[in-house]
Amino acid sequence: MPKKLIEVSLPLDAINAESAREKSIRHGHPSTLHLWWARRPLAAARAVIWSSLVDDPSSHPELFPTEKEQSKERERLFGILTKLVKWENSNNPEILAEAKAEIKRSMGDDIPALLDPFAGGGAIPLEAQRLGLEAHAHDLNPVAVMINKAMIEIPPKFAGKPPVNPESPTLMGRGTEWNGAKGLAEDVRYYGEWMKREAFQRIGHLYPKVKVPKEQGGGEATVIAWIWARTIKCPNPACGCEMPLANSFVLFKKNSSIVWAEPIFDKGTVSFTVHHDGMPKLEGTVNRRGAVCACCGTPVGFHYIREEGQAGRLGARLCAVIAEGNGGRLYISADTEQVQATQTERSTDIPNAALPSNPRDFKTPNYGMRSFADLFTNRQLTALTTFSDLVGEALKKAESDAAAAGLPDDHAALRDGGTGARAYGESIAVYLSFAIDKLADYHSAICSWHNSKELIRNTFGRQAIPMIWDYAEANPFCHSSGCFDNMLEWVTKCVGELPSVTCGVTRQFDAQSDCGMRNIMISTDPPYYDNIGYADLSDFFYVWMRRSLRNIYPNIFRTMLVPKAEELVATPYRFDGSEERAREFFEDGMLQSCRQIYDYARADIPVTIYYAYKQSDTETGENGARTQSTGWETMLSAVIRAGFTITGTWPMRTELSVRSLAQGTNALASSIVLVCRKRDESAPVCTRHDFIKALRRELKPALQKLQQSNIAPVDLAQSAIGPGIAVFSRYKNVLEADGSAMSVRSALQIINQELDRYFSGQDSNIDSDSRFCIELFSLKAYNTMGYGDADVLARAKGASISRLVEHNVVYAAKGDVRLLTREELPEKVELEKCGVWMLTQLLVRAMGTGGIEGCALTAAAAHGSLAEEARNLAYRLYSICERKNWAEEGRAYNSLVSEWPKIKERAADLQASRPVQGNLFD
């Protein structure tokens, strides 16, 4: 069977750059259709699918007999893929046609269907559809099922059709072409705007304009948000006031400007006055340690606050009103009218299911907010139920207009495959329900005000529902942050950009069960151990989506909440707090899922599996502490035990380094894409000795190839797992000395040891002084070592401490020796005489101070191939830093290697512009 491109080489830099860039693209991007957690970037999904179908040139020696010709053809394919992954080219017909032609060239007419059994946010099925494949999306979660239906199943049904709303004849006269789902998107806009007008007629009085003080221009202004602070009774008997709880009373802060709300106490009751000058005496009353009473200064612990909340004594006071002004935001003290408008009775017809008892992701039950309804103010509940109920009315209007516009009035439901007027109206309802879900994300009492960006933070700033003390209540009828217009615009722009080509199929289905499909392509992004509780989190949206869509999809919305018992996550709280039972549940379920994938998969197309989470356990042994990755090992073990051999692991930078998840966790910065093939049934059994022998034979050239491709040091260890675990997984079993089967954990330990051995072996080509510096760095970093021990180490390496002192590499005095830090190195160094260690440090320093240009100037002045050796040493030093957990130092070496192609190119230009002895990269 021919090797596919993904099993040999990929233009990772281009894919990673577009994947990272894509996270900042908003309007029209499918991620803006509906919130989903840990969604794969389209660029990565598109690249993985395409390169899994296109043959690598080495598979066709009859066409490309030499390595040079294969490399040239590979570069041509890289050129296609580099264009294909760009967001701007997502719907470019010429580029898509070129990409599809390459698939056909490799696969002929036998183009497979693709199944993603953990479809989630739908990036993989969507990109399969974009590339012309028949896309199948399965997920147990109803919210994920609806997202996939909205992206791959509904748009193709109505592709190319003009809008049906009464305004469409006038739109038709403007020369508009209704290609793709643009007509559908226009109708979503029209009926969404009708919903907003109807909602305003019914509940607009709950959102009055605010009177603007004369000093701020006078008149009235539309409110953007009402800022609230939760309250409890001060436990100090001498005070007993209504005590406000707020992280910050600052409403706006930028440069020298500040606006803040001052708590005013009168007979134990708190109110607030907004100030536009001066500084608050107390910036906030709540921090990580607890709270303080703004009236008497008494410290208050969270234990007391929780008790008050659970007893139903957690209140709230209006702090300020933020409105739309001609020159920017207006910050106004709340008057009686604004306070009265907020005092709405709670309706009985609300989603009032209990919140999950998940202590990690849900903090509000600790404070008495135990149901979904408790996450909203009464006014927010009124607004959301009003909008939700209007979805059904909009459906009927759209159905009637569709029939009048000529769509078959056949009463065929969307769930039954209908494409007539009824199905069209139901499709409009699906997208309008998404706009309401987006509204709910910005209209809960978990939202807060961003006082420098002057906008509302949504509920899900991270994958949890935290406790928010000072919250922002948005106005759905304004024209600013959190308004319905914005939510509707996100949805309509996204619908209009969906590919809407071959019809996709979406099913609510458990990945551990057999769906009956065979000989298909599999690419999937399974859950990551216990990283994200998708079912628990998505209940927040499900309760509103179910209200709007249960009559359209009764089977999908048959349960009150999202199904959880079968959800494949290692969540201890579902097993009475037992981590062991949670782990066993996840491992057994993942193994069964992989066995199903094995049954589905075609043998001639690799299976690709994303894995992005690193669950770490630290073990201490005779060689020191070693961190293992439970989730990662579970995934590898399940894949191998299911009958696959792993033929590659590709690190794809699909996450933003500044994302909330990265703060204080050990999540990987990359998604690791496992490339798998069905293992030959006649695969042999081998011994530990044979495994290590084969590993040493194959790992070294693979690592050399990875370094030559300039893979970043931060990704090298994960990439090295590919060729390493490929050796392990090609055997039916690897037997330990006692006859037991080697575990994946043991295999990974051996692979990591061989990785260290590979880097250590590179030291033999380095000058003796630099070898000593590497060893000293590994032992002490830039800390001191006793002179006697350092001298013994230096002599063993053939180095001289006195020579290193003379060359300003080390410091030696008072019986101590240490490496000089980069800041201590001399400004001017004779580069033609310096060793690899010194040049590496100078290059890193130049990178930090002068960027690529400064680094290139240093590299251009180096002698012969020393700069290339310095770049290789940066890999070695990064591996030491990673093992020692020296993150900041490691980043410096990773940055040098990551930018090396640009540094190398610029240095070569500098060399060409002046006579230099030797060539930098010879």
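**Entry 1. Ala38**

I began with Ala38, which is buried, because its relative accessible area is 19% and the cut-off for buried is under 20%. I note here that the model I am reading is a predicted one. Ala38 sits in the loop between helix H1 (12-22) and helix H2 (42-53). I looked up its backbone as well: the phi of Ala38 is positive, near 55°, and the residue is not a glycine. Most residues other than glycine have a negative phi.

**Entry 2. His411**

I then turned to another loop residue with a positive phi. His411 has a phi near 60°, again in a residue other than glycine. I found His411 in the loop between helix H11 (378-404) and H12. Is His411 buried or exposed? His411 is exposed, since its relative accessible area is 52% and exposed means over 50%.

**Entry 3. Helices H8 and H12**

I looked up how helix H8 (residues 182-203) meets helix H12 (residues 421-442): their axes come within 9 Å and cross at roughly 65°. The crossing of H8 and H12 is right-handed. Which residues make the contact? On the H8 side I listed Gly183, Leu184, Asp187, Val188, Tyr191, Gly192 and Met195. On the H12 side I listed Tyr424, Ile428, Tyr431, Leu432 and Ile436. Sorted by class, the contact of H8 with H12 holds 9 nonpolar, 2 polar and 1 charged residues. I kept one general point beside this list: an α-helix has 3.6 residues a turn, so residues three or four places apart point the same way.

**Entry 4. The sheet E7-E8-E9**

Next I followed the strands. An open sheet is formed by 3 strands in the order E7-E8-E9, with antiparallel pairing. E7 and E9 stand at the edges and have a single partner strand each, so one side of each has no neighbour in the sheet. Neighbouring strands of this sheet are turned against each other by 20° on average, direction ignored.

I checked the pairs one by one. Strand E7 (residues 250-254) is joined to strand E8 (residues 257-266) by 4 bridges. In this pair, Phe252 stands opposite Val259 in E8. The hairpin of E7 and E8 has 2 residues between the strands, and Asn255 takes a positive phi near 55° there.

How many bridges pair E8 with strand E9 (residues 269-275)? I found 7 bridges, in the antiparallel sense. Asp266 has Thr269 in E9 as its bridge partner. The hairpin of E8 and E9 has 2 residues between the strands, and Lys267 takes a positive phi near 55° in it.

E10 is joined to strand E11 (residues 290-292) by 2 bridges. Val286 stands opposite Ala291 in E11.

**Entry 5. The hairpin of E13 and E14**

Strand E13 (residues 315-325) pairs with strand E14 (residues 328-332) over 5 bridges, in the antiparallel sense. The two strands form a hairpin with 2 residues between them. What stands opposite Gly325 in E14? I found Gly328 there.

**Entry 6. Pro713**

I moved on to Pro713, which is in helix H18 (residues 713-729). Pro713 is buried, with a relative accessible area of 3%. Leaving out residues up to four places away in sequence, Pro713 touches Tyr875, Tyr878, Tyr893, Asn894 and Val897. I also took a distance: Pro713 and Arg679 are 34 residues apart in sequence, and their C-alpha atoms are 30 Å apart in space.

**Entry 7. Helix H24**

Last I looked up H24. Asn885 follows H24 and has a positive phi, near 65°.

Methods:
Residues are numbered from 1 along each chain as its sequence is written. This is a predicted model: local features need pLDDT of at least 70, side-chain atom pairs count only at pLDDT 80 or more; totals for chains, interfaces and linings use all residues. Side-chain values use heavy atoms; hydrogens and water are left out. Axes are lines fitted to C-alpha atoms, for helices over the stretch in contact, and angles run from 0 to 180 degrees between N-to-C directions. A crossing is left-handed if the near helix is turned anticlockwise from the far one by less than a right angle, and right-handed if clockwise. Contact means heavy atoms within 4.5 Å. Ala, Val, Leu, Ile, Met, Phe, Trp, Tyr, Cys and Pro count as nonpolar, Asp, Glu, Lys and Arg as charged, and the others, Gly among them, as polar. Two strands pair if DSSP finds at least two bridges between them. Buried means under 20% relative accessible area, exposed over 50%, partly exposed in between (1.4 Å probe, protein chains only).
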